[in-house]
Amino acid sequence: MPKMLKFIIKRILVAIPIFLGITVVVYTFSCLAPGSVVDIMAGEGNMTKEAYEAAVIAHNLDKPIIVRYFMWLGKTLSGDLGYSSYTSQSVAAMISARIGPTLILTLTSLVLSVLISIPLGVMSAYKPYSVWDNLSTVITFIGASVPNFFMGLIVIYIFAVKLQWLPSQGMYTTGAEASFADLCRHLVLPVIVLCVQLMGNYLKQTRGSVLEVMNEEYIKTARSKGISEFRVMVRHALRNAWIPIVTTIGMNVPFLIGGAVVTEQIFGWPGIGSLMMTAIDTRDYNLIMGITVLISITVLVVNILLDVLYAYLDPKITLE
């Protein structure tokens, strides 16, 4: 069996109990939260005692949590995420309708933040205390210290309220025909907020990683051979600094797949993050678990891919 395939199978076997552990914890705490989906529905309108008891039985709330968990797990393993406890819609369909907007927002933010922060971080390390380094420090400070909701309110106030340049809510203009240009206009503000937050981490890690390798012997050797500074920085310094940078990017996967919950809420973006908040508010157990399955599997898969990527970036790392 090829070493790569053996490694992937081994990691998948390790990931299975981790996945089950995550689902057990999330399901248990969701069910232990005060109130239930039936209590939420009863509070929204008149419900007789008989109707309430019938709803409790229909949602299996009369059974112990452990029994309900294994009922859910059995359906999930067969490929059925079930139906929303609150709206009776298919959980898979609800998630499918929201995953697209979330990917548009988060992947755009991720790509832009990487394209900006990696070169800026390298320049910051190459020329400490320069304009580039000062700019990097400011962005890092803002990204690390300013909460998402506060930054979101600031950009809305400046660009949507005062200047009226950009829309502040939704994915498209209400009542207008959906177009790519309209989508881009609605993307600008939430992408700015997410980019600044992501860049804070990436700039700090890039600068620190590149500075760490700048005094290594192979860098001095490359310079002594007359290799241009650009090639020294890109082919030697940056390549050997990639692993902590890639790790930092990988650690943002739960944040990205979760839909940047706060940002989606502030800008009314119809993605997974806002759907998750709705599911929690309504105690929609099936929907909560459906989103949990999506995020957990994505994170575990990305972690496996990162381990494979580490071996590619650093030949000293073996797939054992």
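Which residues make a nonpolar surface patch of about 950 Å²? The views below answer this and then turn to packed helices. This is a predicted model, in which local features need pLDDT of at least 70, side-chain atom pairs count only at pLDDT 80 or more, and totals for chains, interfaces and linings use all residues. Residues are numbered from 1 along each chain as its sequence is written, and side-chain values use heavy atoms, with hydrogens and water left out.

View 1. Helices (H or I, at least four residues) and strands (E, at least two) are DSSP runs, numbered from the N terminus. The C-alpha atoms fill a box of roughly 85 × 60 × 35 Å, taken along the principal axes.

**View 2. A nonpolar patch covers about 950 Å² of surface.** Its residues are Phe149, Phe150, Leu153, Ile154, Tyr157, Ile158, Val161, Leu163, Trp165 and Val262. Helix H7 (residues 148–162) gives the largest share, 7 residues. Leu153 lies in H7. Patch residues have over 30% relative accessible area and no salt bridge; nonpolar side chains (Val, Leu, Ile, Met, Phe, Trp, Tyr) are joined within 5 Å, and like charges within 9 Å. Accessible areas come from the Shrake-Rupley method with a 1.4 Å probe; for residues, only the protein chains shown count as cover.

**View 3. H7 also packs against H8, and their axes come within 10 Å.** Two packed helices are described by the angle between their axes and the distance between the axes. Axes are lines fitted to C-alpha atoms, for helices over the stretch in contact, and angles run from 0 to 180 degrees between N-to-C directions. H7 and H8 cross at roughly 140°. That makes H7 oblique to H8. Angles under 35 degrees count as roughly parallel, over 145 as roughly antiparallel, 65 to 115 as roughly perpendicular and the rest as oblique. The crossing is right-handed. From H7, residues including Met151, Val155 and Phe159 meet residues of H8, among them Leu189, Ile192 and Val196. Contact means heavy atoms within 4.5 Å.

**View 4. A salt bridge joins Arg207 and Asp133.** Their side chains meet at 2.8 Å, N to O. Arg207 lies in helix H8 (residues 180–213) and Asp133 in helix H6 (residues 131–145), so the pair ties together parts that are 74 residues apart in sequence. The whole structure holds 2 salt bridges. The term means a side-chain nitrogen of Lys or Arg within 4 Å of a carboxyl oxygen of Asp or Glu.

**View 5. H6 packs against helix H5 (residues 91–126).** The angle is about 125°, and the axes lie 8 Å apart. H5 and H6 are therefore oblique to each other. Leu120, Met123 and Ser124 in H5 meet Trp132, Asp133, Leu135, Ser136 and Ile139 in H6.

Note on methods. A crossing is left-handed if the near helix is turned anticlockwise from the far one by less than a right angle, and right-handed if clockwise.
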